[in-house]
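The sequence and structure come first, and the description follows.

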Amino acid sequence: PDAHVEAPTGGSVVLAAIMLKLGAYGFLRFSLPIAPDAAHHYAWFIITLSLIAVVYIGLVAMVQQDMKKLVAYSSIAHMGFVTLGFFIFNELGMSGGIVQMISHGFVSGAMFLSIGVLYDRVHSREISAYGGVVNTMPKFAAFALLFSMANCGLPGTAGFIGEWMVILGSVGYNFWIGLLAATAVIFGAAYSLWMYKRVYFGDVTNDHVRELTDINAREFGMLAVLAIAVLAMGLYPKPFTDVMHVSVTELLKHVAVSKIN
């Protein structure tokens with residue numbers, strides 16, 4: 001989270017949307033296939049860390065006063081679903097983890113870009129420095145609402161698909177693990193929507209917000225591309241799940257056979 005906060009907007013986007021996925025890819029490509037017995041042996045440890053990321057970090061995100069810190073912690077919480085999905089060793093969970101990697105890249109990257117748009121104009125990331133942004137930046141506020149809803153897992157957006165698949169897979173593995181994972185939906189809605197309410201809704205509270213200008217064509221185009229990706233993946237994830245089906249099946253078969261031997 002500190003690296004997210006200290007980096008410029010572009011760095012935060014690259015870190016959240018690409019770099020965070022390298023560790024998860026390492027599990028899929030190296031740890032699980034090369035050391036499947038060790039993966040089974042330490043699965044409880046990874047599942048515990050994943051649930052801590054989902055539940056505890058979600059609570060930490062809720063009390064942040066810095067928008068970028070809030071999104072950074074929420075990013076860690078969402079990545080907890082990825083490792084949880086991998087180590088419950090069923091197809092729904094593992095496919096959900098991979099889908100979550102992709103969707104998180106779109107949603108988290110869009111959230112950091114949205115904060116960058118505000119920071120470029122006001123030079124503050126504090127939630128208290130804003131209020132009533134929708135009155136001066138209606139187009140931008142509409143994009144930010146979509147990304148905030150995706151961040152809290154609204155059905156029909158990319159943020160819902162991976163989380164829902166992992167939760168269903170977790171319930172099949174162990175009901176209580178699935179129940180704990182599902183709390184992320186509640187916490188995600190709490191911190192995402194509470195931040196949106198304080199920053200965008202209400203009356204204009206200061207001169208900085210009163211002087212804001214809405215997004216230009218470049219910013220609109222960038223956010224529109226991400227909005228299309230978030231909606232397309234949320235409404236029709238089949239192309240993604242079809243591509244990964246064979247690889248996931250083979251990996252699970254390999255891990256299961258090794259465990260039996």
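With a relative accessibility of 19%, Phe-89 counts as buried, because buried means under 20%. The model in which this value was computed is a predicted one. Phe-89 lies in the loop between α5 and α6, the latter spanning residues 91–122, and Phe-89 has a positive phi of about 55 degrees although it is not a glycine.

Phe-89 forms an aromatic pair with Phe-87, in which the ring centres are 6.0 Å apart and the planes stand at 70 degrees, an edge-to-face arrangement. Phe-87 is likewise classed as buried, at a relative accessibility of 4%. For the model, the count of aromatic pairs comes to 10.

A pair of aromatic rings is described by the distance of the centres and the angle of the planes. For Tyr-196 and Tyr-200 the centres are 4.4 Å apart and the planes are at 20 degrees, so this pair is stacked, the cut-off for stacking being under 30 degrees. Both tyrosines belong to helix α10 (residues 175–200), where they are four residues apart, or about one turn of the helix.

Tyr-196 has a relative accessibility of 4% and counts as buried, and Tyr-200, with a relative accessible area of 5%, is buried too. These two residues are also part of a cluster in which ring pairs link Phe-140, Tyr-196, Tyr-200 and Phe-201.

## The contact of α5 with α9

Helix α5 (residues 67–86) packs against helix α9 (residues 158–173) at an angle of about 45 degrees, and their axes are 10 Å apart. The two helices are therefore oblique to each other, and their crossing is left-handed.

On the α5 side the contact is made by His-78, Phe-81, Leu-84 and Gly-85, and on the α9 side by Glu-163, Val-166, Ile-167 and Ser-170. By residue class, this contact between α5 and α9 is made up of four nonpolar, three polar and one charged.

## A positive phi at His-123

His-123, a residue other than glycine, has a positive phi, near 60 degrees. This histidine is found in the loop between α6 and α7, the latter being residues 133–136. At a relative accessible area of 57%, His-123 is exposed, whereas Phe-89, whose phi is positive as well, counts as buried at 19% relative accessibility.

Note on methods. Residues are numbered from 1 along each chain as its sequence is written. This is a predicted model: local features need pLDDT of at least 70, side-chain atom pairs count only at pLDDT 80 or more; totals for chains, interfaces and linings use all residues. Side-chain values use heavy atoms; hydrogens and water are left out. Axes are lines fitted to C-alpha atoms, for helices over the stretch in contact, and angles run from 0 to 180 degrees between N-to-C directions. Angles under 35 degrees count as roughly parallel, over 145 as roughly antiparallel, 65 to 115 as roughly perpendicular and the rest as oblique. A crossing is left-handed if the near helix is turned anticlockwise from the far one by less than a right angle, and right-handed if clockwise. Contact means heavy atoms within 4.5 Å. Ala, Val, Leu, Ile, Met, Phe, Trp, Tyr, Cys and Pro count as nonpolar, Asp, Glu, Lys and Arg as charged, and the others, Gly among them, as polar. Rings of Phe, Tyr and Trp (its six-membered ring) pair if their centres lie within 6.5 Å; planes under 30 degrees apart count as stacked, over 60 as edge-to-face and the rest as tilted. Buried means under 20% relative accessible area, exposed over 50%, partly exposed in between (1.4 Å probe, protein chains only).
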